Amino acid sequence: MKKLISAILLCSIVLLSLCSFTPVKSVEVQQQASAVDQSKVLEKRFLNMLNHNFVYSNAFYNDEALVNDSALALLDLAKDGFIEESYLKDYIFNMYGKIYDDFSEYNPLAPKADGYFYIIPRGYDLYEHEIASVVENEDGSYLVITNVIIDYHFGEKVEAVSTTIFLPNEESQFGFNILFSDLAYPLEFAMAL
């Protein structure tokens, strides 16, 4: 009987030694690292969207301005000043969550072509964002503050601060939409406007 009990104890010890136990501290560190990794992924996603965004402030409340500003992000796909409407519709939905079925009412004096949107020739500014903070709101949206360098089409560069609200959207290719984005300019530049 002693031999049987000794054999069972020995087998139990061998089996336990083969099992790997993860210390509680290690699990906590892994969870923290995972949360940090997830926040970095979100920051990169938000930064990618912001660096392709041309819609700010009041343009979110004016469909024609939103559509025209969105078309600027697709200039590399334009041919003879026109962009395929399907590209513009997809871009606007994925970035802003808005659905447009017909662009014919916008820019009524611009040239028209069936299935295409005419990009109004004009100067445009470039925006380069850097994340300052990302805060998840109680409703699941995110408030993102960025420092942004605006490279104006007339040759001047200005530093500003952007405040953007992102909403989750599983149907968007980005997983989010920009609900609103605003720019705050330095006082001396704002006074010159």
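Modeller: Partly exposed covers the range between buried, under 20% relative accessible area, and exposed, over 50%. The model here is predicted.

Colleague: Why is S57 called partly exposed?

Modeller: The relative accessible area of S57 is 23%, which falls between the 20% and 50% cut-offs, so S57 counts as partly exposed. S57 sits in the loop between α2 (24–50) and α3, and has a positive phi of about 50 degrees without being a glycine.

Colleague: What makes N107 buried?

Modeller: N107 has a relative accessible area of 8%. Buried means under 20%, so N107 is buried. Phi of N107 is near 55 degrees, a positive value in a residue other than glycine. The loop between α4 and β2 (116–118) holds N107.

Colleague: How do you know that N94 is buried?

Modeller: Relative accessibility of N94 is 8%, and the cut-off is under 20%, so N94 counts as buried. N94 belongs to helix α4 (residues 85–96). Leaving out residues up to four places away in sequence, N94 touches M49, E171, S172, Q173, F174, F176 and N177.

Colleague: What lies 2.8 Å from a polar atom of the N94 side chain?

Modeller: The backbone nitrogen of Q173 does.

Colleague: Why is α3 called roughly perpendicular to α4?

Modeller: Helix α3 (residues 63–72) and α4 pack at about 105 degrees, with axes 10 Å apart. Angles of 65 to 115 degrees count as roughly perpendicular, so α3 and α4 qualify. L66, V67, S70 and A71 of α3 meet L88, Y91, I92 and Y96 of α4. By class, this contact has seven nonpolar, one polar and no charged residues.

Methods:
Residues numbered from 1 in each chain as written. Predicted model: local features only at pLDDT ≥ 70, side-chain atom pairs only at ≥ 80, totals over all residues. Heavy atoms only, no water. Helix = DSSP H or I, 4+ residues; strand = E, 2+ residues; numbered from the N terminus. Buried < 20%, exposed > 50% of the residue type's maximum accessible area, 1.4 Å probe, protein only. Polar contact = N/O pair within 3.5 Å; in protein donor to acceptor, adjacent residues only side chain to side chain. Contact = heavy atoms within 4.5 Å. Axes fitted to C-alpha atoms, helices over the stretch in contact; angles between N-to-C directions. Parallel < 35°, antiparallel > 145°, perpendicular 65-115°, else oblique. Nonpolar A, V, L, I, M, F, W, Y, C, P; charged D, E, K, R; others polar.
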